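Hi,

Here is the structure I promised to pass on.

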Amino acid sequence: MAEVTLEEAVRKFANDLATKVDTFISDVSELEVSTYTTPADQAETFIKGETDFSQIETEGKLALRAYTRISFDGDATVWVPTEAGGAINTSVWELHQAVVQQSLENRTKMIQAVGEAAQSALRALGLTGST
Amino acid sequence: MDEGRFALTGATLTGMDDLFGVWDVPPAAAVQFGAPAEPAWRVELPDSRAEARAFLEQKRRALKRGEAHLAEAERRLSRVAAGGEGVSFAVGGPEAELQRALLAMEEPAAYAPDWRADADRGKLFQRWRAFLDEVRAFVSRYAQVETEMAGTLIGRTTVGWTGDFEVLLGPGATAEELALHRESVRLALQSRIALIRLLTVVGTGAAKLALRLTVPGAQLLVLPAAWKFVRDVLHELREWPGRQ
C-alpha cells in the first residue's frame with residue numbers, strides 16, 4: 001500500500017535527521033578547517049577526479065599550510081603558515097581565516113535547517129504538535 | 001561572454017532538476033555507473049575574472065530569488081491550509097490543483113475511485129518518495145565543491161557533515177581567484193540549505209493541511225500534494241515573476 005511505504009520513507013528520513021542531530025550534538029563541539037596547497041606539477045592529479053585528502057597528504061602531494069581547530073569549550077589550536085624566513089604567508093593565512101569564518105556560518109545554518117526539517121518530518125508522522 | 005557552468009554530480013533530485021535556477025543537474029539517465037558517491041559541485045567559471053564575477057553574481061541572485069519564491073510558496077500553502085480565504089483558485093493553478101487533491105482525499109470511495117489507486121497520484125507518491133530518499137542521502141554526505149577557471153583548478157573544498165572544511169588551493173591561484181572559489185562554495189552550501197528548507201516548508205504545510213482533513217493518516221497522505229504545490233508555485237514564480 002502506498003501510504004505504508006510513504007510512512008516508511010518519512011520515518012526513515014526523520015530517523016536519519018534525528019541521528020544527524022545527535023551527531024551534531026556529539027561532534028559539534030569541535031570544528032576543524034585545513035588548508036592545503038599542491039605543487040604545480042601535481043595539479044593535473046586534481047583536475048579530474050575525487051580528492052582523497054588523507055591519501056594524497058600521505059603520498060606527499062599536498063602540503064598542509066594552515067590548520068584551525070576550535071573546541072567550543074574555549075580552546076583553539078591554530079597552525080599559521082610561514083615562509084622560509086619565518087614570516088607569515090599572509091595570502092594563505094587570510095584565505096584560511098575567511099574559510100574558518102565561512103565554516104562557522106555554514107555550521108550554524110545547517111544545524112538550524114536540519115533541526116527544522118527533522119521537526120517537520122516528525123509532525124508529518126504525527127509525533128509532535130502541528131503548529 | 002563565454003558561459004560558465006554550475007553542475008551538480010553524484011546526486012539526482014527527482015522533480016527538482018532546476019532547483020532555484022542555480023544548479024545544472026544531469027538527467028537521471030545521464031548518471032553513469034561509477035559516478036562519485038558524494039555530491040559534488042563542479043563550477044566552471046568563464047575565463048575572464050570580470051565575467052566570472054558576473055556569472056557568480058547571476059547565480060547569487062537566482063538563489064536569493066529562489067529563497068524568496070520558497071517563502072512565497074510557504075505563505076500561499078498556509079493560506080490554503082487556513083481555509084482558502086482570499087486565495088485564487090484559478091483553473092490549473094497550484095491552489096486549484098491542491099484543492100482538488102484535498103477534496104479527492106475526502107470523497108467517499110462509493111462516489112469516487114480510490115484516489116490512491118489513480119495512476120497520476122501513484123506516480124506522484126513514487127516521485128515524492130524518491131525525492132525524500134535522495135535528499136536524505138544528499139544531506140548526509142560530504143559535499144565537495146571544485147572551481148575551475150580556463151580549465152585550471154583554482155580551489156577544491158570538501159565540507160563534512162558537521163561543517164569541517166578541507167580546502168585545496170590550486171597552484172598559482174591568486175587571492176581574487178580564491179575569493180571566487182569561496183563564493184562558489186558559499187552558493188553550493190546555501191543552495192543545499194535551501195533544499196532542506198523546502199522539505200521543512202512541505203512538512204509544516206502538510207501538517208497544517210491535515211487539520212482540514214478527516215481521512216486517517218492525513219498528515220502523511222497530503223505530503224506529496226504539498227510537495228507538488230510547492231514545486232508548482234516555484235515553477236510559476238520563475239516563469240511569471242510578476243505574480244509574486
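Below are my notes on the interface and on the salt bridges.

A word on conventions first. This is a predicted model, so to speak of local features I need pLDDT of at least 70, side-chain atom pairs count only at pLDDT 80 or more, and totals for chains, interfaces and linings use all residues. Residues are numbered from 1 along each chain as its sequence is written, chains are lettered from A and ligands numbered from 1 in the order in which they are written, and side-chain values use heavy atoms, with hydrogens and water left out.

The interface

Chain B puts 51 residues into the contact and chain A 55 (contact means heavy atoms within 4.5 Å). Together they bury about 4,800 Å², with carbon and sulfur atoms giving 65% of that; buried area here is the accessible area (1.4 Å probe) that two parts lose on being put together, summed over both. On chain B's side, B:Arg136, B:Trp161 and B:Phe165 supply 15% of the area that chain B buries against chain A, more than any other three residues.

As for polar links, there are ten residue pairs in polar contact between the chains, both residues at pLDDT 80 or more. A polar contact is a pair of N or O atoms within 3.5 Å; within protein, one must be able to donate a hydrogen and the other to accept it, and residues adjacent in sequence count only if both atoms are side-chain atoms. On the side of chain B that touches chain A, α4(B) gives the most, with 15 residues (helices are DSSP runs of H or I, at least four residues, strands are E runs of at least two, and both are numbered from the N terminus).

The rule finds one salt bridge across the interface, and it joins A:Arg107 to B:Asp164, with the closest N and O atoms 3.8 Å apart. The cut-off is a side-chain nitrogen of Lys or Arg within 4 Å of a carboxyl oxygen of Asp or Glu.

There is strand pairing between the chains too: β1 of chain A (residues 30-37) runs parallel to β5(B) over five bridges, where pairing takes at least two DSSP bridges. In that pairing, A:Val33 stands opposite B:Phe165.

Over all chains the structure holds 19 salt bridges. One of them is B:Glu236 with B:Arg76, at 2.9 Å from N to O. B:Glu236 is in helix α6 and B:Arg76 in helix α1 (residues 49-81), so this pair ties together parts of chain B that are 160 residues apart in sequence. Both residues are buried (buried is under 20% relative accessible area, exposed over 50%, partly exposed in between, with a 1.4 Å probe and protein chains only).

B:Lys228 and B:Glu97 form another, at 3.7 Å. That one links helix α6 to helix α2 (residues 94-106) of chain B, 131 residues apart. B:Lys228 is partly exposed at 27%, and B:Glu97 is partly exposed at 28%.

B:Glu183 and B:Arg186 pair at 3.1 Å, and both lie in helix α4 of chain B, three residues apart, about one turn of the helix. Salt bridges that share partners also join B:Arg5, B:Arg42, B:Glu44, B:Glu146, B:Glu148 and B:Arg156 into one network.

Finally, look at B:Asp47, in the loop between β2 (40-45) and α1 of chain B. B:Asp47 is partly exposed, at 47%.

Cheers
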